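Subject: Structure handover, with notes

Hello,

I am passing on a structure that you have not worked with before, and my notes follow below it. Please look through the sequence and the model first, and then read on.

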Amino acid sequence: MNSIKFLYAAYIATWLIHGLYLGSLARRYSRLRREMKDSDKGR
Amino acid sequence: MKRAFPILAVLTALLLGYATYQALVVAPTERTMGDVQRIFYYHVPSAWTAFLLFFVNFLASLQYLATANPSAKRVINWVVIAIAVVGAVAPYIPQVQKQLPEGLYPSSVATTAVMIAVLYFLVGKFFIERSLDVLAVTAAEVGVIFCSIVLVTGPLWARPVWGIWWTWDLRLTLTLVLWLIYVSYLVLRRFSDSAQTPKLAAVLAIFGALDVPLVYFSIWFFRTQHPQPVIGGGGSIDPRMLHILLMNWLAFSCFAFLVCWLRYRLEIMQRDLHEAQALEALLGDGLPPSSARTGSPINRTPSGTGTA
């Protein structure tokens, strides 16, 4: 049974999910930063 | 606090790296399953972390509802105290003790019941009104991420061991239902703009949290295809495996804490910004700039630790 590929797939999938979520947080942070700048400029 | 984050992030990264090394290299190879059993070191800690986060979501939602209605708060406080007292005493009554599954100690039940009450009051003490709702949405979102990992790594373990990716086993089905409940919670938060949304979401969260003990105890009370509990419940585990499992759980818990920290800050700042924008839109140019900006997050940077 070549189970080692399933082991690697599980570990890679775990960090892929965490990475995607952290990426989405970073995107939301940069969007918020942009909104703050726009809000400051609007004054 | 601002300085603590990078230090904690580095420490957590080191701990995660070390825990992964232990899981992949140092942990003994399981005799029947072979190397694929090492998925367990990511699967189980992710599940425990998800349960913990859903529990935090439950407590924050309960406190949020209680805070919204002072008379209800008194009732809820007394119900929580009653649960703690009954939970601490009942497991020691011989008739009740007989009903407990093998490996579930009365002291564990009593400690859990008391801890629920203590955590409930701690959440109420350190988070107030809006921050309770922010804590709830933060815990739910990060919890869904960890629960997704459970649902992905589980089938990757099952395929080589059981020969199938998925079966409608009680534990698996209830975990999928749990994930769906919290995804629907997040969808509700994302797409509903009503002022009642936080309350509706809190009610959904309380009912959703009822699924957590069902998932956890499903393998204690029912015969399922899912492996039996390795800690308690009559199960056993090699002490070296247990040590590495707990180390991975600690690493994932620290990681979850940091991710929650980031998500919490983001939510607070988003809400502050939108409130400030709404205020400015309402008052227009009639508002003196200094008063409009007092306490607003406009001058804060997203990495800052201004409120909360």
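Helices (H or I, at least four residues) and strands (E, at least two) are taken here as DSSP runs and are numbered from the N terminus. Please keep in mind that this is a predicted model, in which local features need pLDDT of at least 70, side-chain atom pairs count only at pLDDT 80 or more, and totals for chains, interfaces and linings use all residues. Residues are numbered from 1 along each chain as its sequence is written, while chains are lettered from A and ligands numbered from 1 in the order in which they are written.

Chain A has one helix and zero strands, and its C-alpha trace spans about 65 × 5 × 5 Å along the principal axes. A residue is called buried if 20 or more other C-beta atoms, placed from the backbone, lie within 10 Å of its own, exposed if 12 or fewer do, and partly exposed in between. By that definition, 14% of the 43 residues in chain A are buried. A:R27, which sits in helix α1 (residues 4-41) of chain A, is exposed, because 10 other C-beta atoms lie within 10 Å. Between A:R27 and A:I17, ten residues apart in sequence, the C-alpha to C-alpha distance is 15 Å.

Chain B holds eleven helices and zero strands, and 32% of its 308 residues count as buried. Two residues are said to be in contact if their C-beta atoms, placed from the backbone, lie within 7 Å. Of the contacts in chain B with a separation of 6 or more, 78% are between residues 24 or more positions apart.

B:I244 is buried, because 23 other C-beta atoms lie within 10 Å, and, leaving aside its neighbours within four places in sequence, its contacts are B:Q22, B:A23, B:V26, B:A27 and B:Y41.

A nonpolar core is a set of buried Ala, Val, Leu, Ile, Met, Phe, Trp, Tyr and Cys residues joined through C-beta atoms within 7 Å. The largest such core has 68 residues, among which B:A60, B:A136 and B:F146 touch the most other members. Beyond its neighbours within four places in sequence, B:A136 is in contact with B:N57, B:A60, B:S61, B:Y64, B:A202 and B:A205.

Which residues of helix α9 (residues 211-221) of chain B are buried? They are B:V212, B:V215 and B:I219. They lie on the same side of α9(B), because they cover an arc of only 80° around the axis, the arc being that of the directions from the helix axis to the C-beta atoms. B:P213 and B:F221 are exposed on the other side of α9(B), and what covers the buried residues includes α2 (40-68), α7 (170-191) and α8 (197-209) of chain B.

A loop residue also deserves a look. B:E129, in the loop between α5 (106-126) and α6 (130-162) of chain B, has a positive phi of about 40° although it is not a glycine, and B:E129 is exposed, with 12 other C-beta atoms within 10 Å.

Finally, the contact between the chains takes 23 residues from chain A and 25 residues from chain B.

Best wishes
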